[in-house]
Amino acid sequence: MTPGFDYRTTIGVWGRGLFAFSPAWNLMNNIPLFYKLHIICGLAMFGFFPYTRLVHALYVPLHYIFRRFVVYRRYSRR
């Protein structure tokens with residue numbers, strides 16, 4: 001994206017530090033704004049994931065494959 005910017009020496013090292021629970025925050029000082037926004041949006045998505053219906057993606061709904069169709073009937077008023 002940005003010519004001359006090597007994400008492997010900054011964002012890559014910072015990202016590996018996240019998984020080790022010791023991120024080097026000083027590596028994120030001089031990265032371009034586009035990369036910062038991309039990381040913020042990605043972390044926000046993971047942060048909001050448990051509070052939305054997306055958490056159902058973790059549940060494997062195998063019973064939906066074999067269930068019968070649901071028939072909705074409309075009752076007329078008399």
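**Notes on a predicted model**

1. A search through the whole structure turns up one aromatic pair. Here rings of Phe, Tyr and Trp (its six-membered ring) pair if their centres lie within 6.5 Å, with planes under 30 degrees apart called stacked, over 60 edge-to-face and the rest tilted. The partners are Phe34 and Tyr35, sitting edge-to-face at 5.9 Å centre to centre with 75° between the planes. Phe34 is partly exposed at 44% relative accessible area, while Tyr35 counts as buried at 16%. For those words, buried means under 20% relative accessible area, exposed over 50%, and partly exposed in between (1.4 Å probe, protein chains only).

2. Before going on, a word on the ground rules. This is a predicted model, so local features need pLDDT of at least 70 and side-chain atom pairs count only at pLDDT 80 or more, while totals for chains, interfaces and linings use all residues. Residues are numbered from 1 along each chain as its sequence is written, and side-chain values use heavy atoms, leaving out hydrogens and water.

3. How confident is the predictor? On pLDDT (its confidence in each residue, from 0 to 100), the protein chain has a mean of 78, and 76% of its residues reach 70 or more. Helix 2 has the highest confidence, at 88, and helix 3 (residues 63–66) the lowest, at a mean of 66. Helices here are DSSP runs (H or I, at least four residues), numbered from the N terminus.

4. Next, charges: there is one salt bridge, meaning a side-chain nitrogen of Lys or Arg within 4 Å of a carboxyl oxygen of Asp or Glu. Arg8 makes it with Asp6, the closest N and O atoms being 3.1 Å apart. Arg8 is exposed at 57% relative accessibility; Asp6 is partly exposed at 29%.

5. Leu18, Phe19 and Leu43 make a nonpolar patch of about 340 Å². Patch members have over 30% relative accessible area and no salt bridge, and nonpolar side chains (Val, Leu, Ile, Met, Phe, Trp, Tyr) are joined within 5 Å; areas come from the Shrake-Rupley method with a 1.4 Å probe. Leu43 belongs to helix 2 (residues 33–48) and is partly exposed at 47%.

6. Lastly, Pro23. It lies in the loop between helix 1 (11–19) and helix 2, and is partly exposed at 36%. What does Pro23 touch, not counting residues up to four places away in sequence? Trp14, Gly17 and Leu18, with contact meaning heavy atoms within 4.5 Å. Pro23 and Val13 are 10 residues apart in sequence and 8.1 Å apart in space, C-alpha to C-alpha.

How values were computed. Patch = residues over 30% accessible without salt bridge, like charges linked within 9 Å, V, L, I, M, F, W, Y side chains within 5 Å. Helix = DSSP H or I, 4+ residues; strand = E, 2+ residues; numbered from the N terminus. pLDDT = per-residue confidence, 0-100.
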